[in-house]
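Biologist: I am new to this structure. Could you take me through a few of its residues, one topic at a time?

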Amino acid sequence: MKHYIYIILAFLSLNVAFFTSCKKKDILSSGGINFTTETLLFDTIFTTVGSTTLNFRIHNTENRPVKIDEILLMGESNSNFRINVDGISGDMHKDVIIPAKDSIYTFVEVTLDPNNGTNPLVIEDSIRFLVNGKYSYVLLAAWGQDAYFYNRDTISGILPNDKPHVVYSSVRVVDGQDLTIPAGTDFYLHKNAIFYVSESALNINGTVDEPVTFQGDRLEDFYDDVAGQYYGLYFDHAKTSTINHAIIKNGIAGIHIYETHPTNSDYTVKLYNSEISNHASYGLFNFDGGTIYGENLSVHSNGTYAYFSLKGGEFYFKQSNFLSYGGNASVAAAFRNHYENVGAHINGKMYNCILDATGDNAIGFDTLNDNLNSFIFDFEFDYCALKAKDEIDDDPRVSNILWNLFPGFENQAEKDFHLTAGSPFIDAGSTSFTHSTGLDIEETPRTGVPDLGAYEFQ
């Protein structure tokens, strides 16, 4: 009898363990969670010391409860943000249970002074969630200074220039709603942000004293010359657009032109008196039928090419610098056409220009061969300074060229490309190809025989 009781107790113990295990399995789901937003954006423009609160919900879509092992505000006590999870404040929350098919609120508060000039333009943090060994995040972002902010917004008309303009993810000029940017306007673009122009015209009206600037939104000195901070300006089947006195720097591709609008009778983009520099890939990228005209341009210090034409298009440049020095830069200008079977065609002219690079060749055609005699597209270089391993004076499309000469720039290391006394490029141009206004990029008059490049020697 005693032995029989022990057997029964052992059996009951096993059943208790079994049912307890089953009950625990039934209580908590092994599934995950999702959120009503992946980015909580505080897009109110503050004008005084401000505090505001937004919220999002954490959803459990499973038929059983789910446990969030940890919720952490990543910046913790150093953050401008504060969080409240289901009515409980704190930087960290553990073992938060959400019932089946239910949700809980997370409230987020931010306090900052947007008129504090030392704040970044965008202040960010994130909330990290740990569920069943997997992390997920909700990004927090708030404007740190008083400015105009854009987050997937469409704009048109004439922009004000009384405050900076900050692009968080994208700003778009589309569907024939043209945009004019007046002198002195400053654009700051967040990581991966893009300025997108499609089937519309963008007109940038900077001046020599008040240029229009495009750069990343990190204001620390360290980022002054860091490439790749945002994408750049992208023209997609754009109507004829004009850019005058602009500084475009520190992106991935400064200006990217894709095809042209079917109604255009002029170039897709017309550039004047502008500096395009320090982009991770190309300064100017002309792709698949886009057309570009430029005078008095300084395109330099970009990751690969200063100018790149691919799969057809047209270019016309005069009185401009295309320079590739240092880093991964190879040639200054590259022209590729591997698409003859689809009718691609490249047609280009360069006059009174300087093309220089750290490698053996400043220009590369098709497959970047050293031999320049195997062209399958039209081009003309006249009164230019070119660096090339093999000079080709016998080609009628290349004439009046200064080959492989030291340019004599003021300070190449400091990116000062003014000509110095004794430079072989002084008085080396042709009056037939000077800027339409007779001025250089800084509005210095070009008197007599013009110098090569964007800057006239004084």
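Modeller: Let us begin with Leu121, which is found in the loop between β8 (102–112) and β9 (122–131); strands here are DSSP runs of E with at least two residues, helices are runs of H or I with at least four, and both are numbered from the N terminus. This is a predicted model, in which local features need pLDDT of at least 70 and side-chain atom pairs count only at pLDDT 80 or more, while totals for chains, interfaces and linings use all residues. Residues are numbered from 1 along each chain as its sequence is written, and side-chain values use heavy atoms, with hydrogens and water left out.

Biologist: Is Leu121 buried or exposed?

Modeller: Leu121 counts as buried, at 2% relative accessibility. Buried means under 20% relative accessible area, exposed means over 50%, and partly exposed lies in between, with a 1.4 Å probe and protein chains only.

Biologist: Which residues does Leu121 touch, leaving out those up to four places away in sequence?

Modeller: Among them are Trp143, Phe149, Val166, Tyr188 and Leu219; contact means heavy atoms within 4.5 Å. Leu121 and Leu219 are 98 residues apart along the chain, and their C-alpha atoms are separated by 7.6 Å.

Biologist: Now to Leu73. Where is Leu73 placed?

Modeller: Leu73 belongs to strand β4, residues 66–73. Its relative accessible area is 0%, so Leu73 is buried.

Biologist: And what is Leu73 in contact with, apart from neighbours within four places in sequence?

Modeller: Its contacts include Phe81, Ile83, Asp125, Ser126, Ile127 and Leu140. Ser126 is 53 residues from Leu73 in sequence, yet the C-alpha to C-alpha separation is 6.2 Å.

Biologist: Changing topic, how many disulfides does the structure hold?

Modeller: It holds zero. A disulfide is a covalent bond between the sulfur atoms of two cysteines; the cut-off applied is a pair of cysteine sulfur atoms within 2.5 Å. Cys353 is in no disulfide, and its nearest cysteine sulfur, that of Cys384, is 4.8 Å away.

Biologist: Are Cys353 and Cys384 buried or exposed?

Modeller: Cys353 is buried, with a relative accessible area of 0%. Cys384 also counts as buried, at 0% relative accessibility.

Biologist: Finally, the surface. Where is Met74 found?

Modeller: Met74 lies in the loop between β4 and β5 (81–85). At 33% relative accessibility, Met74 counts as partly exposed.
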